[in-house]
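Subject: Structure handover

Hello,

Here is the structure I promised to pass on. Please open it first, then read my notes below.

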Amino acid sequence: MITIKPFRAWRPNADDLLEVACVPYDVINTEEATALAKGKPKSFLHVIRPEIDLPAGTDEHATEVYKKGADNLRKFQSEGTLIQDEQPSLYIYRLIWKNRAQTGLFTCVSVKDYDEDRILKHELTRPDKEDDRTRHITTQQAHAEPVMLTYKGTDKVNALVEKDTAGEPVYDFSAGDGVQHTLWKVENPQAYTDAFRDVEALYVADGHHRCKSASRAAEEMKAKNPNHTGDEEYNFFPAVVIPMEQMEILPYNRVIHDFPDDVFRQMAETLGFKKTENPVPIKKGQCCSYFYGDWYEFDLPVVDQPDPVQILDAARLQNHILEPYFGIKNPRTDKNVSFIGGIRGTKELERLVDSGKAKLGFSMFATDIRELIEVSDAGMLMPPKCTWFEPKLRSGLLIHTF
């Protein structure tokens with residue numbers, strides 16, 4: 001049984017919506033955030049990337065950065081850039097990209113469900129990133145951005161969503177990247193609360209660090225509250241919950257920065273590389289590689305009777321190629337491998353190799369959402385950077401405070 005909770009969202013007034021809404025904090029760096037927020041004093045980047053308002057070179061983990069983010073949020077609230085719902089509400093959030101729609105429930109979910117593995121993970125989190133997001137949450141007394149969760153869709157929830165999306169939306173706009181974002185307010189939140197009692201599990205799609213940080217922040221708040229009951233707002237965090245049937249994962253590609261040329265020749269001979277004009281694998285288990293201006297295709301080795309992790313293309317690449325040929329034992333920390341999100345395409349691999357910033361590129365076949373579910377259900381973890389979800393949720397639309 002999954003707990004969902006309506007909340008009194010802070011959201012942009014209609015006049016400021018297009019300036020406030022922005023990309024998530026973790027898809028851009030400080031320089032990119034600075035450029036995107038230029039001339040936009042009401043951009044939500046001032047809350048989630050507040051280092052852009054401090055002198056260049058300021059450490060993004062400095063105390064003044066966290067304070068600045070909280071100050072900016074309070075300013076948006078006090079000046080009316082953000083307004084708060086009168087009553088706790090739920091929303092339906094639809095994203096349309098390249099003629100494909102993803103429609104989910106924008107709600108608060110329970111830290112307890114996360115801690116007790118009813119919200120299942122498939123990736124490890126890094127302590128430094130946990131520390132950063134936890135400090136933002138506790139300083140701002142807010143969960144500024146939602147996570148993306150998925151689940152095995154039900155007819156009951158689907159019927160509710162169909163009914164609520166027939167009405168007039170609260171927001172409907174297209175972002176600069178061509179994604180259309182539409183939000184409707186739910187008429188009967190209790191109906192969704194009841195319907196999700198039949199859902200056994202949610203799965204983290206995008207936002208592992210935000211989930212873990214919400215859990216850590218709740219523990220910190222609990223320790224400071226002698227009258228803790230478990231019903232306080234800090235025990236819940238915002239999420240957009242999308243049926244797995246609507247989810248699409250893009251590839252997460254790799255580049256290797258340096259190695260002797262004969263390593264490639266040995267690998268190509270052993271694995272039967274064949275030159276190809278198509279840089280994109282056409283089936284699971286196939287991989288393409290870019291080296292000195294040429295693309296090659298090959299099949300990834302696999303062990304007998306693999307488990308749900310070993311059968312993943314990323315695991316097969318790691319176990320049979322990255323470690324034995326390039327000595328990359330821990331791809332999370334090894335500086336000789338970098339990960340390139342599928343949204344950048346294979347042209348980015350070519351650019352990196354042709355410019356000398358990398359020496360070899362691997363173009364991957366996308367992980368299937370069912371593979372993510374199988375790994376999570378088995379209580380296992382994927383190798384790093386297996387999934388790139390697109391389109392991304394927009395930040396600054398609905399903010400949860402406590």
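**A buried serine and the cavities**

The side chains of Ser395 and Glu145 are joined by a polar contact of 2.5 Å. A polar contact is a pair of N or O atoms within 3.5 Å; within protein, one must be able to donate a hydrogen and the other to accept it, and residues adjacent in sequence count only if both atoms are side-chain atoms.

Before going on, note that this is a predicted model: local features need pLDDT of at least 70, side-chain atom pairs count only at pLDDT 80 or more, and totals for chains, interfaces and linings use all residues. Residues are numbered from 1 along each chain as its sequence is written, and side-chain values use heavy atoms, with hydrogens and water left out.

Ser395 sits in the loop between strand 20 (388-389) and strand 21 (400-401). Helices (H or I, at least four residues) and strands (E, at least two) are DSSP runs, numbered from the N terminus. Is Ser395 buried or exposed? Ser395 is buried, at 1% relative accessible area. Buried means under 20%, exposed over 50%, partly exposed in between (1.4 Å probe, protein chains only).

Glu145 also turns up at the largest cavity. Glu145 is one of the residues nearest its centre, along with Ile137, His143, Ala144 and Arg210. The whole lining has 15 residues. The volume of this cavity is about 150 Å³. Helix 6 (127-140) gives the largest share of the lining, four residues. By class, the lining has nine nonpolar, three polar and three charged residues. (Ala, Val, Leu, Ile, Met, Phe, Trp, Tyr, Cys and Pro count as nonpolar, Asp, Glu, Lys and Arg as charged, and the others, Gly among them, as polar.)

The second largest cavity has a volume of about 110 Å³. Its lining also has 15 residues; Asp313, Ala314, Phe365, Thr367 and Cys386 are the closest to its centre. Strand 14 and helix 11 (313-326) each give two or more residues to that lining.

In total, the search of the whole structure finds four cavities of 30 Å³ or more. On a 1 Å grid over the protein atoms alone, a cavity is a set of points where a 1.4 Å probe fits but cannot get out; a pocket is an open set with protein on both sides within 12 Å along at least five of seven lines, and lining residues have an atom within 4 Å of a point. Grid points are joined across faces, edges and corners, and a volume is the space filled by probe spheres set on the points.

**A pocket**

The second largest pocket has a volume of about 260 Å³. Its lining has 17 residues, with Ser110, Val111, Lys112, Gly230 and Asn235 nearest the centre. Seven are charged, six polar and four nonpolar.

An open sheet of six strands runs in the order 15-17-16-19-14-18, with antiparallel pairing. Strands pair if DSSP finds at least two bridges between them. Strand 15 (274-276) and strand 18 (337-341) are at the edges with a single partner strand each, so one side of each has no neighbour in the sheet.

Strand 19 (360-363) has three bridges to strand 14 (252-256). Three bridges also join strand 19 to strand 16 (286-291). In strand 19, Phe362 is the bridge partner of Arg254, and Ser363 that of Cys288. Both faces of strand 19 are covered: Leu360 and Phe362 are buried on one side, Gly361 and Ser363 on the other.

Best wishes
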